[in-house]
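Hi everyone, thanks for coming.

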Amino acid sequence: MPFKGLSAFFLFCRADRRWGIQAFRNRPDRERAYRKGLVLLSNYYQPEIERASREQIKAWQDERLVETVNHVYKNVPYYRQKMEEKKLTPADIKSTDDLYKLPFLTKGDLRDAYPYGLLAVPLEDAVRIQSTSGTTGKRVVAFYTQADIDLWEDCCARAIVAAGGSKKDVVQVAYGYGLFTGGPGLNGGSHKVGCLTLPMSSGNTQRQIQFIQDLQATILCCTPSYAAFIGESFAEMGICPDEISLKAGIFGAEAWSEEMRRDIEKKLGIRAYDIYGLTEISGPGVSFECEAQTGMHVNEDHFIAEIINPETGEVLPEGEKGELVFTSITKKAFPLLRYRTRDICVLNREPCPCGRTHVKMSKPMGRSDDMMIIRGVNVFPSQIETVLLNHGYPANYQIIVDRVKNTDTLDVQVEMTQEMFDDTVKGISAREKELVEGLKAMLGLSAKVHLVSPKTIARSEGKAVRVIDKRKI
Ligand code: DLL
């Protein structure tokens with residue numbers, strides 16, 4: 001019965017894909033190599049892709065890049081115009097070797113084209129939007145078809161399996177849900193792996209702890225600072241790491257150091273894995289860490305990574321530090337060509353003991369713009385300035401960011417005008433409250449506001465020092 005045979009084959013492929021059976025086909029060999037420290041007994045969600053040869057990855061990228069360039073040239077007037085300005089047509093892009101010819105795309109372009117200007121499919125084919133945390137003037141909206149969501153969730157599923165996840169796991173997703181991509185992305189990935197998924201969203205730490213305990217959650221997904229905070233809360237309750245059911249965590253959306261990793265691992269008794277992504281390129285899962293914990297594998301069948309000199313735009317050789325640029329080659333609704341992330345990184349193609357062949361990126365080492373990430377929220381100083389100006393303050397302020405007990409703090413010190421200064425104490429604290437509310441509405445974050453006497457914030461002779469970031473990341 002050929003039909004039955006065929007379904008058995010598909011069933012086998014599915015099992016193979018979901019549980020990484022292929023990874024264990026030559027188990028005795030792999031175990032020998034593992035004992036010698038040559039490989040890690042890693043599991044894969046899509047082994048045939050995650051361990052594809054470099055030639056195969058290049059072939060996928062060549063073909064998909066050409067398709068994507070044709071797709072945007074045909075469907076997005078904004079892109080066509082940008083390409084025409086560089087006297088390019090799709091015929092000039094024959095493979096990834098021609099990628100450098102394409103113009104860069106920046107957050108500025110995304111804002112210019114807001115909201116629909118970069119949508120590359122008819123509106124009826126888009127089923128979802130997600131958005132960055134910035135507001136007025138800074139918000140970026142990304143669109144997804146159902147197929148785009150599917151591939152995004154595959155990327156997150158790869159991260160979960162790389163962190164040791166399988167259908168037996170209980171995954172507690174404590175990233176924010178809603179417009180932020182963290183919750184929806186990891187939630188979808190967890191479903192794909194077949195894990196029991198707890199869509200907690202962030203906050204309400206007592207409830208997070210109760211669910212970890214009651215449902216015996218094994219994998220926690222949230223920002224690293226929130227993971228550290230949950231760890232501290234366990235300790236305050238007198239619960240030691242051995243008593244916590246968690247075995248792994250998938251943490252990202254903000255910068256965190258190796259010291260912080262060790263601290264979280266110790267407090268929660270887990271292995272802590274990094275995950276990277278950005279709304280514009282889909283969300284979490286653009287890259288993720290494996291057992292080796294030495295950089296994040298970029299999902300190169302979906303995204304091409306380049307490193308450029310942020311000043312000149314010149315493509316840098318592998319191993320050099322520079323700004324990370326991504327081209328998405330499988331997305332249909334919102335494909336971005338050569339998008340400048342502003343994250344400063346290094347790429348590394350050395351073979352990884354986990355068996356994955358996709359290039360690894362380092363933890364981002366900073367940014368080439370002034371964006372700060374505070375409690376997982378992207379904040380630009382200009383947004384804070386807008387609130388101050390709208391409330392009638394002169395632009396003399398200082399933003400102090402710190403990390404206290406693993407939680408980011410945001411303190412805005414603002415100079416009053418002489419007239420405001422003459423107000424009563426009650427009047428001044430009412431003004432502070434008003435600004436706190438204004439900042440909350442603009443940033444979606446609670447900030448402290450201190451109104452200070454006129455002319456007390458030090459004037460700089462050069463560029464004003466608006467931000468003092470005391471966090472040691
Ligand atoms: O932060 C997506 C995400 C959600 C990633 C959950 C990981 C986990 P955005 O809000 O658009 O998207 O912010 C993107 O966050 O350009 C980086 O500067 C920073 N970022 C993301 N992941 C990491 C990380 C999400 N692992 C911006 N380490 C990016 C350091 C990170 N910075």
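Let's start at Pro-115, which sits in the loop between helix H6 (107-112) and strand S1 (128-131). Helices here are DSSP runs of H or I with at least four residues, strands are E runs of at least two, and both are numbered from the N terminus. Quick background: this is a predicted model, where local features need pLDDT of at least 70, side-chain atom pairs count only at pLDDT 80 or more, and totals for chains, interfaces and linings use all residues. Residues are numbered from 1 along each chain as its sequence is written, and side-chain values use heavy atoms, with hydrogens and water left out.

So what joins Tyr-114 and Pro-115? A cis peptide bond, with omega at about -5 degrees. Another backbone spot is Asn-204, a non-glycine residue with a positive phi, near 55 degrees. You'll find Asn-204 in the loop between strand S4 (196-199) and helix H9 (205-215). For context, most residues other than glycine have a negative phi, and most peptide bonds are trans.

Now, the ligand. For Glu-254, a backbone N or O atom is 3.1 Å from a nitrogen atom of the ligand. Arg-367 uses a polar side-chain atom instead, 3.1 Å from a ligand oxygen.

Last stop: helix H12 (residues 381-390) and helix H14 (residues 425-443) have axes, lines fitted to C-alpha atoms over the stretch in contact, that come within 10 Å and cross at roughly 140 degrees, on a scale from 0 to 180 degrees between N-to-C directions.

Conventions: Polar contact = N/O pair within 3.5 Å; in protein donor to acceptor, adjacent residues only side chain to side chain.
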